[in-house]
Amino acid sequence: MRTSEARALHLHDVTPDGLMIRESKFKKSRIVPLHATTRDMLEHYLKRRSRQAGAEPHLFVSLRGRTLSHTAVAETFHQVLKALGIPETPGRPRPRLMDLRHTFAVRALERCPEGRDHVGRHILALTTYMGHAKVESTFWYLESTPELMADIAQCVEAFVYGGGQ
């Protein structure tokens with residue numbers, strides 16, 4: 001999910017089916033399912049959060065019990081990078097929080113089952129899951145890795161040459 005979507009979540013957006021993202025970037029709503037391990041950690045967080053935030057309706061709050069600012073989220077992410085030993089290298093971009101979302105999309109596409117029907121359904125599901133307004137917005141992830149480009153090239157060769165000579 002987008003950082004802005006996570007920051008906008010309220011307690012009532014935690015449902016048995018996952019997280020309800022309400023009217024996000026394109027005024028669309030969707031449910032983001034949660035893995036069992038994520039759900040367990042969220043339950044643990046909610047217990048601690050209840051002692052910290054009182055009546056604040058937002059799901060994710062600061063140590064002062066207030067809504068998280070974009071700056072606080074970005075600073076925390078940079079602290080995590082530092083704690084993990086990921087250096088700031090001159091001339092090389094440091095990972096950004098949005099890179100996690102992009103990496104998820106690319107890995108989901110790399111693991112997509114083969115076959116035109118499977119890929120079409122997978123892209124459509126991923127488009128919905130990520131909250132994109134158009135399938136075209138998800139297609140640009142296909143250009144993100146050499147592996148995906150090689151897979152695309154193989155499919156084109158097989159189509160053009162009838163099995164790739």
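Reader: Before we get to the sheet, when do two strands count as paired?
Author: Two strands pair if DSSP finds at least two bridges between them. Strands here are DSSP runs of E, at least two residues long, and helices are runs of H or I of at least four residues, both numbered from the N terminus.

Reader: OK, and what sort of model is this?
Author: It's a predicted model, where local features need pLDDT of at least 70 and side-chain atom pairs count only at pLDDT 80 or more, while totals for chains, interfaces and linings use all residues. Residues are numbered from 1 along each chain as its sequence is written, and side-chain values use heavy atoms, with hydrogens and water left out.

Reader: So how do β1 and β2 pair?
Author: β1 and β2 (residues 18-21) run antiparallel and pair over two bridges. V14 sits opposite L19 in β2.

Reader: What's the strand order in the sheet?
Author: The order is β1-β2-β3, in an open sheet of three strands with antiparallel pairing. β1 (14-15) and β3 are the edge strands with a single partner each, so one side of each has no neighbour in the sheet.

Reader: Switching to charges: how many salt bridges are there?
Author: Searching the whole structure gives five salt bridges. A salt bridge means a side-chain nitrogen of Lys or Arg within 4 Å of a carboxyl oxygen of Asp or Glu.

Reader: What does E5 pair with?
Author: E5 bridges to R30, and their closest N and O atoms are 2.8 Å apart. E5 is in helix α1 (residues 3-8) and R30 in strand β3 (residues 30-32), so the pair ties together parts 25 residues apart in sequence. There's also a network of salt bridges linking R2, E5 and R30.

Reader: Is E5 buried or exposed?
Author: Buried, because its relative accessibility is 5%. R30 is buried too, at 8%. The cut-offs are under 20% relative accessible area for buried, over 50% for exposed and partly exposed in between, using a 1.4 Å probe and protein chains only.

Reader: And what about D13, which residue does its side chain meet?
Author: D13 meets R22 in a salt bridge at 2.4 Å, N to O. D13 is buried at 3%, whereas R22 is partly exposed at 45%.

Reader: Last one: where's T127, and what does T127 touch?
Author: T127 is in helix α5 (residues 116-130) and is buried at 4% relative accessibility. Beyond its neighbours within four places in sequence, T127 contacts H132, K134, V135 and T138; contact means heavy atoms within 4.5 Å.
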